[in-house]
Protein chains: 2
Amino acid sequence: MREPRAAAPTAGAPTATRGRRADAERNRAAIITAATAVFAEHGAEVDVREIARRSGVGMGTLYRHFPSKEDLLRLSLEQEFTAWLTEAHERAAATQDPWQALSGFFEQVLTTQAHNRALMDSYVQTGGPTEACVQKCRAFIDALRERCERAGLLRRGVSTEDLLSLSASLCQVVQTPGGQHRWRRLMTISLDGLSSRHREPLPS
Amino acid sequence: MREPRAAAPTAGAPTATRGRRADAERNRAAIITAATAVFAEHGAEVDVREIARRSGVGMGTLYRHFPSKEDLLRLSLEQEFTAWLTEAHERAAATQDPWQALSGFFEQVLTTQAHNRALMDSYVQTGGPTEACVQKCRAFIDALRERCERAGLLRRGVSTEDLLSLSASLCQVVQTPGGQHRWRRLMTISLDGLSSRHREPLPS
DNA sequence: GTTCAAGCGGAGCAGTTGCTCCGCTTGTCC
DNA sequence: GGACAAGCGGAGCAACTGCTCCGCTTGAAC
């Protein structure tokens, strides 16, 4: 608020921001690292003090670098989400079979769900931590959908939004007791319901 | 804590508990009514003061009748859940086609999800507000499953637990923006994946 | 009408959490 | 080494929430 913040570091690029003191730079990095780990473990609702503790700085330092918990969360999730989506792209590109690419994506969503609370909460609620991330994610899923559709593997009328919602809904399963062992079964069921062997039209 | 509470009223039975003053009886009923409405609207995390306000009593009165928010929530949800499951039983009994009975149950789950936050949260997390409720719910779903299986309509290897998890996972969709219009599509997809036309075995 | 225990209400306590304030420390420039 | 702005830490504020305490009120038994 008081500090105009020299040239926003363009989301996660570890460029040595000119004019910032070396220890400040170190602290800033430590905070992001700690926050990412803590959010992943405990979810977005975790106490800010836990992040300060884990990164070895005081509350004042934390809030000097990030004007609000919200901002810290967003930055941390943006980085994570970008890396995650990059991996998804790479996997999809390396997979010949369109249907396998689609089910591989579902599997990645659900595997991540088991390991990163805050990240997947944002995926479940809106499709990603920021509007820009959501856009990219939608575009990626849309490409998967089109590949499957062109190959005649996907049920008629299934939309990108359907695929996003369906993968998000399955995340619910992972968190329930015993869900760790059951999500693969439900994923199979859902994917089978998406296959072109079903010719009945979908409602509305 | 101080008051030994004369003979627990056996979960929601509106019997005039002997020895309680008339105004106390009235207040107790008002609290349960208000709590049920408030929990349905705002979910289980709602401020207790809101329930006191809505029922027109003070905090002291509320806590005289219910030793903790947890207790009030449990009692309120037990009543709601029992009524809900009763309706489910009636519907299933009135439906000839086993598959329609199953999909009717899914539909009831998802319709309720849109109108009762706390009730469905408990369904999603554990299958019901108390162990006894969960047992009854499981038994009911198991009966639906068996009817479908016996009629040769259900995919091999689908368990009661799968059906409960799947219906709970779809609840996730209803809460997302636009989910009100999409859950029916995803429900159709999931149910189709459950049909016996799929002969591939399910994982693990 | 009198009596009094049962019942009532809401101020306030204790714990939690996001965020701020300010006196002290330290990296950096000369 | 000295000067000093940038940076630091953590006590503490404010808002929220579950729950308690206790002086006042009232239903009901006589």
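Analyst: A salt bridge here is a side-chain nitrogen of Lys or Arg within 4 Å of a carboxyl oxygen of Asp or Glu. By this rule there are 34 salt bridges over all chains. The model is predicted, so local features need pLDDT of at least 70 and side-chain atom pairs count only at pLDDT 80 or more, while totals for chains, interfaces and linings use all residues. Residues are numbered from 1 along each chain as its sequence is written, chains are lettered from A and ligands numbered from 1 in the order in which they are written, and side-chain values use heavy atoms, with hydrogens and water left out.

Chain A has nine helices and zero strands (DSSP runs numbered from the N terminus, H or I of at least four residues for helices, E of at least two for strands). Of its 204 residues, 49% are buried, where buried means under 20% relative accessible area, exposed over 50% and partly exposed in between, with a 1.4 Å probe and protein chains only.

At the interface, 35 residues of chain A are in contact with 35 residues of chain B, contact meaning heavy atoms within 4.5 Å. The area buried between chain A and chain B is about 2900 Å²; this is the accessible area (1.4 Å probe) that two parts lose on being put together, summed over both. A:Arg185, A:Ile189 and A:Arg197 supply 23% of the area that chain A buries against chain B, more than any other three residues.

The interface of chain A and chain B holds six salt bridges. One pairs A:Arg197 with B:Glu200, at 2.6 Å from N to O. In another, B:Arg185 meets A:Asp162, with an N to O distance of 2.6 Å. This pair crosses from helix 9 (residues 179–193) of chain B to helix 8 (residues 160–175) of chain A, and both B:Arg185 and A:Asp162 are buried.

Other pairs stay within chain B. B:Glu161 and B:Arg138 form a salt bridge whose closest N and O atoms are 2.8 Å apart. Because B:Glu161 lies in helix 8 (residues 160–175) and B:Arg138 in helix 7 (residues 131–150), the pair ties together parts that are 23 residues apart in sequence. B:Glu161 is partly exposed, with a relative accessible area of 22%, and B:Arg138 is also partly exposed, at 29%.

Within chain A, salt bridges that share partners join A:Glu41, A:Glu50, A:Arg53 and A:Arg54 into one network.
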